[in-house]
Amino acid sequence: MLFAILAGFIVSLLYIPFGRFLKGRLAVLASLLPIGLFTYFAAFIPDIQDGASIAFHQPWVPSLGINFDFQLDGLSLLFSLLITGIGSLVFLYAAAYLKGHPYLDRFYAYLSLFMAAMLGVVLADNVLLLFIFWELTSISSFFLIGFNNDNADSRKSALVALGVTGGGGFLLMAGLILMGHLSGSYSIQEMIATNEYLKGHALYGLILLLVFVGAFTKSAQFPFHFWLPGAMKAPTPISAYLHSATMVKAGVYLLARLYPVLGGTDYWTYPLIIIGGITMLYGAFHSIFRTDLKGILAYSTISALGILVFLIGIGTPQSLLAAAVFILVHALYKAALFLTTGVIDHETGTRDVTQLSGLRKVLFPLAIAGLLAALSSAGLPFTFGFIGKDLVYEATLHTDGILPLVLTGLAVVTNIFLLYAGLLAGLKPFAGRLPERYSAIHLPHALMWAPPLLLAILGIAFGAFPALADASLLNPAATAMINEAIDSPLKIWHGFNTVLLLSGITLALGVALYLARKPSAHGLAWIERFNPLSPKHLIASLTRAVHRFAIRYTRTLHNGFLRVYLLRIIIFAVLLLAFRLFSGGAIRLIPDQLSPVGIYEIAVVGILVAAIYLAVTSTSRLTAVVATSVIGYGMCLLFVFYSAPDLAMTQFTIDTLTVVLFVLVLFRLPSFLNLANRGTRIRDWLVASAFGAVIALIGIQVLNQPIDDTISKFYGDNAYVLAKGKNVVNVILVDFRGFDTMFEIVVLSIAAIGVFSLLKLRLKASEKE
Amino acid sequence: MELLLVILIGILYAAGIFMLLRRSMVKLLIGLTLLGNGANLLIFLLGGITKGKPPVIDSAAKLFTDIYADPIPQALILTAIVISFGLQAFAIVLLKRVYVLINSDDLDDLNTPEEEDI
């Protein structure tokens with residue numbers, strides 16, 4: 001199974017060296033990958049139907065709990081088949097749709113990558129693994145949406161989609177890690193076992209919030225829905241793939257997958273019902289005002305996603321079964337409608353529904369596909385959509401309290417609008433009189449009309465013979481969500497009951513709406529008046545505000561002046577050290593441990609203090625340099641007093657060298673300018689003094705600590721015995737720590753080379769600016 | 001004596017930091033030197049100071065017979081002195097180079113205006 005998931009990644013890599021051979025007719029070969037995978041997954045249907053679930057385990061980073069754990073159950077299988085099945089058709093379709101496109105290889109590489117990531121999402125059992133694939137879908141969909149990268153709008157939409165889904169993914173990661181941390185395992189199967197603990201935990205609400213935002217951003221739920229219509233900038237095969245079966249369903253999948261872990265409580269149910277309800281109504285209402293075919297489909301997709309979230313929120317066995325059915329229904333008819341739209345766009349050059357009519361005369365097979373898909377989306381009897389819609393109503397009716405009325409009402413209104421949108425997209429372009437300018441259109445290559453036709457026919461076939469899919473696919477999928485066996489065959493005919501009545505009302509009103517209302521630019525203009533209130537607009541202004549804030553913040557903190565950074569670092573260090581120092585108890589100095597003070601020492605310290613004062617305050621550079629060297633010699637004397645002859649010698653040599661170098665090199669520099677004003681100088685003095693004081697206090701504190709002399713003793717005892725040297729400091733440097741000294745020499749050599757080359761470098765006239 | 005040295009270290013650090021905060025590059029270098037001296041002295045002091053007993057074994061003996069100053073801080077400081085010389089030498093020459101190029105000792109003249117707005 002690992003190979004099946006990774007195959008897409010491997011193939012997408014192969015496109016880098018071999019992609020350029022995949023032009024023209026050979027492009028069809030690209031679809032071997034999804035077709036092969038579809039066959040592979042289809043072979044699992046009998047096993048899954050018998051209630052089995054196939055697990056795969058391969059350790060990856062066991063210490064972090066990240067493993068290649070895959071689990072194929074009913075839900076995963078349904079999604080895998082959709083991903084690879086619709087994927088196969090999209091691959092084939094694109095071979096004709098993008099024929100001769102210069103970046104066809106790139107297109108297939110992105111698509112393979114995306115498909116593999118999607119498969120990973122729906123098969124992963126380890127939540128961290130799931131998250132990795134989840135992010136991969138965001139990233140690869142970024143490339144797909146921005147495929148027309150020479151178009152600024154396209155790039156912007158891709159960025160918005162990535163921003164929204166990526167932001168949600170970030171929160172999702174937090175939620176998943178929290179879940180894994182609390183339940184002690186990152187495996188979903190094991191989390192199901194401890195779900196009571198998770199649901200009772202104080203952080204349960206937070207987990208839900210994080211997971212919901214992750215799912216909502218991905219599945220384009222209100223108020224994060226706005227990236228989806230923007231993503232329509234992608235070539236139509238991509239829209240068909242992303243928005244019918246894959247990308248946007250990932251959020252729905254996540255909710256369905258986590259239902260057995262987190263679901264079933266009020267905290268789960270109400271947010272999902274409310275957000276799903278708002279989304280389905282909002283999307284459906286907006287879809288009827290659009291005139292762009294893809295815009296209509298985009299908003300009706302948002303609405304359909306809302307319905308799915310809504311159903312998962314209700315969380316009864318019926319509603320979950322309805323969700324499983326609706327996932328399949330929607331994928332079939334929406335993919336068919338998108339692909340049909342693609343052909344219309346490709347052949348006529350417009351997607352404006354007000355301009356299109358009568359295309360059945362020139363694009364007959366496509367007209368059938370469009371009609372069947374529209375019927376399925378409208379939920380006419382004997383279509384799969386009918387069963388889906390029935391189940392939705394049944395699910396809303398079988399809830400508790402006053403909910404049935406409200407929820408069913410919502411569902412009915414939504415479905416009326418959706419029906420209208422479906423007819424608009426699938427029927428309107430083909431009905432009526434054919435305008436003169438389109439009469440020369442010819443039917444395109446079969447690869448372009450056969451896939452939508454196949455999908456639409458499947459939608460009818462499943463509707464007429466629901467037994468084709470119920471026991472094999474849909475019941476296992478619902479079983480996986482509820483975590484208990486479901487065996488409820490789908491029926492075409494439920495008898496005369498409320499559900500049928502509601503279906504009738506929906507149909508009648510929807511068709512009436514279609515007949516009464518004609519799409520027009522006027523309607524579009526009316527709805528766009530509300531744009532300033534839309535979440536897209538609000539979030540865009542929020543983004544701008546954050547941007548402005550970031551610029552201001554950067555200008556304040558990162559203003560490019562080295563000493564300002566330094567000042568802040570020092571102030572912070574002083575505060576931190578002082579806090580630790582004073583909270584650690586009183587600072588004291590034990591007088592009897594101190595060594596006596598002689599007149600020489602006092603004299604040297606006095607000289608040093610005077611030299612420091614001179615070095616700091618002098619306005620002459622030469623005086624400052626000489627004062628610095630006096631400080632060095634003073635240190636020398638201190639080393640001599642306190643038993644460090646080697647140090648004294650080194651310091652003496654080095655100091656002399658430094659002064660010589662200073663004077664030689666910097667001889668001709670101008671005298672110091674006093675560049676700072678009084679206030680700055682006082683401020684710097686305060687900060688510097690505070691730092692000095694803190695260091696001094698730390699020094700005093702450390703003096704009180706006993707010194708551990710085992711290492712010193714080792715060197716002292718062994719200097720002659722092991723290394724035959726009597727000066728212990730020298731023995732340490734050249735023998736015990738000989739390598740350190742060697743590298744020190746290397747460092748010095750590098751510095752010497754640097755000095756030498758800087759001195760030797762002659763500037764060209766042009767560089768002397 | 002320790003108290004005197006602690007005060008001296010504090011002064012060295014304070015002076016070093018103050019000089020680091022100046023705009024002149026030469027002052028910055030001097031600040032670096034002061035700071036280095038302060039740090040060396042701090043290590044020296046914290047290792048414990050012993051008067052008149054260098055860590056050198058008597059020429060007639062094979063082992064120490066008397067107490068002796070801790071050799072480890074000395075070895076560390078010796079390394080530090082040498083390395084800081086390398087740093088200073090390079091910095092001095094670099095400073096000279098900068099001065100030749102921009103004819104200024106002012107750090108702010110090195111700032112290039114960043115690209116405004118994205």
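# Reading chains A and B

Me: Where in chain B does UniProt place the feature "transmembrane region" (unreviewed entry)?

Reply: The UniProt record places this feature at residues 6–21, 28–49 and 72–95 of chain B, in positions that follow the numbering used here, with feature names shortened and annotations that may be inferred rather than shown by experiment. The model is predicted, with local features requiring pLDDT of at least 70 and side-chain atom pairs pLDDT 80 or more, while totals for chains, interfaces and linings use all residues. Residues are numbered from 1 along each chain as its sequence is written, and chains are lettered from A and ligands numbered from 1 in the order in which they are written.

Me: What makes up the spans 28–49 and 72–95 of chain B, helix or strand?

Reply: Helices here are DSSP runs of H or I with at least four residues, strands are runs of E with at least two, and both are numbered from the N terminus. On that basis residues 28–49 of chain B are 86% helix and 0% strand, with end C-alpha atoms 31 Å apart, whereas residues 72–95 of chain B are 100% helix and 0% strand, with ends 34 Å apart. The chain B total is 3 helices and 0 strands, which read along the sequence as α-α-α.

Me: How does the radius of gyration of chain B stand against that of a compact globule of 118 residues?

Reply: The radius is taken over C-alpha atoms, and the globule rule is 2.2 Å times the number of residues to the power 0.38. For 118 residues a compact globule would come near 13 Å, but chain B has 21 Å. The C-alpha atoms of chain B fill a box of roughly 70 × 30 × 30 Å along the principal axes.

Me: Why is chain A described as it is against the globule rule?

Reply: Chain A, with 32 helices and 2 strands, has a radius of gyration of 37 Å, well over the 27 Å that the rule gives for 769 residues, so chain A is more spread out than a compact globule. Its C-alpha trace spans about 115 × 65 × 50 Å along the principal axes. An automatic or database domain assignment divides chain A into domain 1 (1–263), domain 2 (291–528) and domain 3 (708–769), and the C-alpha centres of domain 1 and domain 3 of chain A lie 57 Å apart.

Me: Why is L443(A) called neither buried nor exposed?

Reply: A residue is buried if 20 or more other C-beta atoms (placed from the backbone) lie within 10 Å of its own, exposed if 12 or fewer do, and partly exposed in between. L443(A) has 14 other C-beta atoms within 10 Å, so L443(A) is partly exposed. L443(A) is found in the loop between α19 (403–426) and α20 (446–464) of chain A. Contact requires C-beta atoms, placed from the backbone, within 7 Å, and beyond its neighbours within four places in sequence L443(A) is in contact with L363(A), P365(A) and W449(A).

Me: What makes helix α21 (residues 470–482) of chain A count as mostly covered?

Reply: Of the 13 residues of α21(A), 10 are buried, among them D470(A), N475(A) and M481(A). The elements covering these buried residues include α3 (45–49), α4 (74–97), α13 (249–262) and α16 of chain A.

Me: How many residues of chain A are in contact with chain B, and how do they divide into nonpolar, polar and charged?

Reply: In chain A, 86 residues are in contact with 78 residues of chain B. On this side of chain A, α29(A) gives the most, with 14 residues. Counting Ala, Val, Leu, Ile, Met, Phe, Trp, Tyr, Cys and Pro as nonpolar, Asp, Glu, Lys and Arg as charged, and the others, Gly among them, as polar, the side of chain A that touches chain B divides into 61 nonpolar, 14 polar and 11 charged residues.

Terms used:
Two residues are in contact if their C-beta atoms, placed from the backbone, lie within 7 Å.
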